[in-house]
Amino acid sequence: MLNRAAMRLLTAVPTLFVLVGLSFFLMHAAPGGPFDSERSLAPEIEARLAAQFHLDEPAWMQFGRYLGGLVQGDLGPSLQYESRSVASLIADGAPVSAAVGAAALLLALIGGVALGALAAMRRDGWLDRSVMVLALVGLSLPSYVVAPVLILVFALQLPWLPAGGWDGPASVLLPAVALALPQLAAIARLTRGALGEVLAAPWIRTARAKGLPERLIVFRHALKPALLPVVSWLGPAAAGLMTGSVVVEQVFGIPGIGRYFVQGALNRDYTLVLGVVLFYGALVIAFNFLVDLAYGALDPQARLE
Amino acid sequence: MAGRASGFGASNKRAGVLATLRAGLFALAALAGAAIAADPQTLVIGNGTEPESLDPQKATGVSAGNVLRDLYEGLTGVSPSGDIIPAAAASWQWQDDGRALRLSLRAGLRWSNGDPLTASDYAAGLRRLLDPATASGYAKLFAAIEHGSEVIAGRLPPSALGLHADDVGTLSIRLDRPMPNLLSLLAHPAASPIHPADLARPPKPDARIGNGAYRLTEWVLQSRIALARNPAYWNDRQTAIDRLIYLPTEDLNSELKRYRAGELDVTTSIPATQADWIRRTLGGELHVATYLGSYFYGLNLTRPPFAGNKPLRQALSLAIDRPVIATKVLHDLATPAWSYIPPGIRDYRPQVPEWAHWPRARREAEARRLYAAAGYSADKPVQVEIRYNTSDDHKRIAVVIAAMWKQVLGADVKLVNEEWKVFLRHRRERRDTQAFRNTWIADSDDAQGFAEILDSRHPRNDSGYADAGYDALLLEAAQASDPALRRAKLEAAERKMLDDAPILPIYFYASKHLVKPRVGGWQDNILDWHYSKDLRLSGR
C-alpha cells in the first residue's frame with residue numbers, strides 16, 4: 001500500500017509534464033488564436049499583441065518559455081483577461097468551486113451510502129427498486145436539465161433560495177445539489193452492489209448466526225469492506241467536483257474555475273487552459289494518493305501488499 | 001425479526017433527518033431572503049459576458065462599455081433618447097471648415113480621487129488610444145485625427161497627434177479629414193481621459209481612477225462589479241441611484257429566472273425561444289428597439305462559384321424571403337433587412353432596393369431568371385456551402401436559407417458548422433469559404449462605420465469585394481465637409497454595393513431588455529446606451 005502511494009508521488013511529476021505537454025501542443029494545433037474576434041484587429045496591432053505574449057515564436061520555444069516559468073511557479077498572464085495572471089484567476093475561483101464541490105461531495109457520500117445501504121438491506125423489495133430507479137434517473141439527467149428545474153422549484157415556485165449568484169451560504173445549496181445528484185446516484189449503486197455481495201458472504205452468515213442485530217452487522221462489519229469500490233470512485237470524482245462544472249457555474253452564475261476549462265479553450269486562452277489543466281491534474285493525483293491511503297485503512301490485505 | 005426492528009429504527013431516524021433538513025432549508029431561506037430583497041437604492045443590471053478588461057482604452061465589447069460609461073465621462077455624452085449632448089465639455093465650436101474642433105470643458109471638473117481633471121487628461125487618453133504600444137482595438141476609430149494613421153502605424157510618436165490642450169479647460173482637435181461623427185465618437189468609452197498616475201504605472205484591474213458619475217468599489221471576476229456614486233462628479237446631485245451592481249449573465253435562461261425572482265432589475269437580453277411567453281406575461285417590461293447591427297451572409301468573391309458571377313449572387317439574394325426569417329426563426333425580435341445599413345442611423349436613409357417591394361412570386365421569378373442567366377439550371381444546379389459558427393440561431397437561419405435556395409432555384413446547398421475561432425480564421429483567409437454568416441455592429445451612430453468594412457483594404461472585408469467605384473465614393477464621402485454631400489456619396493455607395501451583391505443582408509439586430517417597473521428614466525435608443533446616472537428607482 002505504502003509502495004503504491006510512494007509510486008504515485010514519484011510518477012506525479014512526469015505525469016504532469018506529459019499532461020501539460022500534450023495540452024500545450026493540442027491547444028496550439030487548433031486553428032485560430034486568442035486575438036481573433038468578430039471585429040478583427042488591424043494586422044499591425046495583432047502582430048504587436050502576438051509579440052507581447054511571444055505568440056510569434058515557434059511552438060517549441062513557447063513551450064520552453066512556459067516550462068521555464070512553471071519551474072519558478074509562474075503560470076503566466078491570462079491572454080483574455082487584461083492584466084490578470086492565471087495564478088490569480090485560479091486563486092480567486094478555486095475556493096468557490098471547492099466550497100460547492102465539497103458540499104456536493106458530502107451530500108453525495110452521505111446520501112449515496114445511506115440509500116445504497118438501505119437498498120442492499122431490502123434487496124429486491126419495493127424500497128430497493130425505487131432507490132435503483134431514482135439512481136438511474138439521477139445518473140441519466142444531465143445537470144443542464146436538473147439545474148434549471150431546481151431554480152424553477154426552489155427559487156421561483158417556492159422563493160426559498162436565490163436563483164443564482166454568489167452571495168452567502170444559501171448560494172451553495174442549489175449548485176451543490178445539482179452537482180451531487182449524479183454522484184449520489186452512482187455511489188448509491190456502487191454501495192448497493194458491494195454491500196449486497198458482502199452481505200451474502202459466509203462470515204456475515206456467521207455473524208447472523210451469533211445473533212448480532214442486523215444494524216450492527218451492516219454498519220460495523222459489512223459496510224467497511226463494501227466501501228472499497230466507493231472509495232476508489234471517490235478519488236477522481238472528488239477532483240472533478242472540486243474543480244467545478246461549466247454548466248452548473250453558468251446556470252447559477254457562480255464564479256468558480258469550471259468555466260475556464262471550456263471558455264479558456266474556446267477563447268484560445270492558452271495559459272489559462274494550461275493552468276487549470278495543471279491544477280486539475282495535480283488534484284486528481286492528490287486525491288488518488290489519499291484514496292491509496294484510505295485503502296490501507298479499510299482493507300487489511302492492501303496494508304500487507 | 002431483527003431486520004424489521006432495525007428498519008423501524010431507520011425510518012424514525014429518516015424522519016429526524018428530514019425534519020433537520022427542513023429546518024436548515026428555512027434557516028437558509030431566511031439568510032437568502034435578506035440578500036434577494038431589492039434594495040431601494042441599488043440597481044442590479046444583467047451584463048452578459050464578463051468584461052475582459054475595464055481599461056477604457058483597451059476594453060472592447062458591449063459589457064465592458066456598459067460599465068465604462070458609468071465609470072468615465074467623455075467630452076460629449078448621449079442623452080437617454082440617443083442624442084449627442086454636452087458632458088465634460090460644456091460647449092464646442094467647429095473651425096476651419098470642419099477640420100478642427102475646439103471644446104471648452106466645464107469649470108472645476110475632478111477625478112474620483114479629488115484631483116483636478118484637465119483638458120490634457122483627455123488628450124492623454126486619446127494619445128494612449130492611438131499609441132501602438134496600447135494595441136487598442138478601437139484605435140482606428142480616431143485615425144482621422146491629424147497624423148492619426150502615422151501614429152497607429154508607428155511612424156510618428158503619439159505626441160505628434162493633432163491634439164492641443166490650450167489651457168486647463170480647452171482642448172483643440174485638428175483633423176486630417178472631416179469627421180462628422182467625431183462628436184459622437186468622443187462619447188465612446190475609448191475616448192475617456194486617463195489619470196496621470198494610471199498612465200505612469202498600470203494599475204490593478206479594479207483600481208483605476210475614473211471621472212464618471214460612479215466609481216468602482218468592487219470587482220469580483222465572474223461574480224459582480226459593484227459601483228457607488230462618485231461624490232466628486234460635477235453633476236452628482238442629479239444622480240438618483242446610490243449603488244449599481246453589474247452581474248455577469250452568460251446564460252440567458254438563467255438570467256430570465258433571476259429577473260423573475262427579483263434578483264435583477266434589467267436584463268442584458270432575452271432568450272429568443274421564450275419571446276412569446278415573455279410577451280404574454282411580462283409584455284409591459286419588454287423593451288425591443290432597433291440596434292446598430294446588421295446580420296448578413298458574405299459571399300467570397302475571390303473564388304468560384306461567386307467570383308465574377310453577379311447574376312448568381314443577385315439570384316441568391318432575391319430568393320431569400322427575409323420576413324419569414326425575422327418572424328418564424330427570430331420570433332419578431334429582429335427586422336427583415338433588404339439593405340445593409342440599419343434604419344435609424346443619423347443622417348442616413350436606408351437604401352432599400354426596388355425589388356424589396358415586389359410580391360414574393362415576382363421576386364422568385366426574377367431570381368430564377370438571373371439563376372439561368374448565371375448559367376445554372378435544374379440539371380446543372382449550383383453547389384454552395386453555407387459556413388456558420390456554432391449557435392442555434394445561426395444554424396436555424398442557415399437551414400431556412402438553404403431550403404429557400406433549394407426550393408426557389410434548385411440549388412444544391414451544404415451546411416458547414418465550425419467552432420468560433422476556426423470559423424473566424426477561415427472567414428478571414430477567404431480560402432475555404434463560399435457563403436458565410438457575417439455580422440457588423442458599429443461603434444457609433446454613423447453610416448461610414450458600416451460602409452467602410454466593404455472597402456477593398458479593410459481587414460474585415462471578408463467577401464474580398466474590391467470595387468474601385470465603391471472605394472472612390474467612400475473616399476469622397478470621407479473628404480466631404482458638407483453633410484448633405486457626404487450623405488449622398490454614402491447612399492450612392494450602398495446602392496452600388498447592394499447591386500453588386502458581395503453580401504446578402506438578412507436582418508437588423510434589435511436590443512432586447514426586460515426592465516422592472518421600479519426603474520424609471522429608461523428610454524430605448526439605437527446605440528443601446530443607458531447611463532445609470534439618468535435612471536431612477538421608485539419604491540416597490
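Student: How many residues of chain B are in contact with chain A?

Tutor: This is a predicted model, where local features need pLDDT of at least 70, side-chain atom pairs count only at pLDDT 80 or more, and totals for chains, interfaces and linings use all residues. Residues are numbered from 1 along each chain, and chains are lettered from A in the order written. Contact means heavy atoms within 4.5 Å. On the chain A side there are 57 residues, and on the chain B side the number is 59.

Student: Which element gives the largest share of the side of chain B that touches chain A?

Tutor: Helices here are DSSP runs (H or I, at least four residues) and strands are runs of E, at least two. Between the two chains there are ten salt bridges, each a side-chain nitrogen of Lys or Arg within 4 Å of a carboxyl oxygen of Asp or Glu. Elements that give two or more residues to this side of chain B include α7 (252-260) and α13 (420-429). The largest share, 13 residues, comes from α1(B).

Student: Why do β4 and β6 of chain B each have one side without a neighbour in the sheet?

Tutor: Strands pair if DSSP finds at least two bridges between them. In chain B, four strands form an open sheet with antiparallel pairing, in the order β4-β5-β7-β6. β4 (89-95) and β6 (163-167) of chain B each lack a neighbour on one side because they stand at the edges, each with a single partner strand.

Methods
Heavy atoms only, no water.
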